[in-house]
Amino acid sequence: CAFYQVFPALELLARNIPITLKCIYNIRANGRAKSPFHFHPNLQVQHIQWNYMTLIDDLKKCDVGIMPNEIPLLNKNMMMQKLAVKKGWLKNEPFDHMIRFKSSCNPGRLYPFACAGLPVIGDFCPSASQFISDSESGLLASSVHGWIDAFVRLYESPSIRTDYARALYNRIQERKDRQVYELMHILSQLPICRPFSFADLSIIRS
């Protein structure tokens, strides 16, 4: 999900700013990730073995958390892209107006970043937008230029990074503290039904 928007943004920024991208994942279980790109010398990529005991300490060594979830459509289907250009629907670089997300996207990915005190840049994943209010508790982006703008804004202002990180943490903690009570309220609104019995099976069969 990072190949089509985040990596090109980092590549362009690396021409002027030294950047280290730290990828924390289960290398032992899944193998070392390989990139189809040859990065600019100023863009260094570090692969770090995920461990729940050291995850927060590893994240604290970073400045920004990223949460890409969007999966491109046209870039995955070159025939559709060529047809769109031939028909004149697309004249320049295709823009993917139909947004889809990887199946594992969820707001739980925000929690480690918040615990580590990091501001987060995410995309338009609905569950992320429940917690990231753009320019209040983080930043949202949905294009290469959007990611560049978000990176630059956070790079230039340590105070904004601190404010966004604190706002995100407070918002997540508030929701976490309320979730049990909200669940109990929802359950209390459910209609009271009589217990299921095996006699119901005979009614269904008949």
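Guide: Before we start, a helix here is a DSSP run of H or I with at least four residues, a strand is a run of E with at least two, and both are numbered from the N terminus. Also keep in mind that this is a predicted model.

Visitor: How is the ring pair of tryptophan 147 and phenylalanine 151 classed?
Guide: The count of aromatic pairs comes to 1. Its ring centres are 5.8 Å apart and the planes meet at 40°. Planes under 30 degrees apart would count as stacked and over 60 as edge-to-face, so the pair formed by tryptophan 147 and phenylalanine 151 is tilted.

Visitor: What span does H7 reach from its first C-alpha to its last?
Guide: H7 has 13 residues, and at 1.5 Å a residue the expected span is 18 Å. The model comes close to that expectation, with a reach of 18 Å.

Visitor: Is isoleucine 148 buried or exposed?
Guide: Isoleucine 148 is part of H7. Its C-alpha is 9.8 Å from that of glutamate 11, a residue 137 positions away along the chain. The relative accessible area of isoleucine 148 is 18%, and the cut-off for burial is under 20%, so isoleucine 148 is buried.

Visitor: Which residues lie nearest the centre of the largest pocket?
Guide: There are 44 residues in the lining to pick from. By class they divide into 31 nonpolar, 6 polar and 7 charged. Nearest the centre are Leu21, Lys22, Cys23, Ile24 and Ile66.

Visitor: And which residues line the largest cavity?
Guide: The count is 1 cavity of 30 Å³ or more, and about 30 Å³ of space lies in it. Its lining splits into 4 nonpolar, 2 polar and 2 charged residues. By name, they are Cys1, Gln5, Val6, Pro68, Asn69, Glu70, Asp123 and Trp147.

Visitor: How far is the C-alpha of isoleucine 99 from that of asparagine 69?
Guide: Isoleucine 99 is in the loop between helix H4 (78–86) and strand S5 (100–101). At 38% relative accessibility, isoleucine 99 counts as partly exposed. It is 30 residues from asparagine 69 along the chain, and their C-alpha atoms are separated by 9.9 Å.

Visitor: What phi does serine 135 have?
Guide: Serine 135 sits in the loop between helix H6 (126–129) and strand S7 (139–140). It is partly exposed, at 32% relative accessibility. Its phi is positive, in a residue other than glycine, and lies near 70°.

Visitor: Two prolines next. Is proline 112 buried or partly exposed?
Guide: Proline 112 belongs to H5. The relative accessibility of proline 112 is 22% and buried means under 20%, so proline 112 counts as partly exposed.

Visitor: How far apart in space are proline 119 and alanine 165, C-alpha to C-alpha?
Guide: Proline 119 is found in the loop between H5 and strand S6 (120–122). At 2% relative accessibility, proline 119 counts as buried. Along the sequence, proline 119 and alanine 165 are 46 residues apart, while in space the separation is 4.2 Å.

How values were computed
Residues numbered from 1 in each chain as written. Predicted model: local features only at pLDDT ≥ 70, side-chain atom pairs only at ≥ 80, totals over all residues. Heavy atoms only, no water. 1 Å grid on protein atoms, 1.4 Å probe; cavity = no way out; pocket = protein on both sides within 12 Å on 5 of 7 lines; lining within 4 Å. Nonpolar A, V, L, I, M, F, W, Y, C, P; charged D, E, K, R; others polar. Points joined across faces, edges and corners; volume = space filled by probe spheres on them. Phe/Tyr/Trp six-rings, centres within 6.5 Å; stacked < 30°, edge-to-face > 60°. Expected span 1.5 Å × (residues − 1). Buried < 20%, exposed > 50% of the residue type's maximum accessible area, 1.4 Å probe, protein only.
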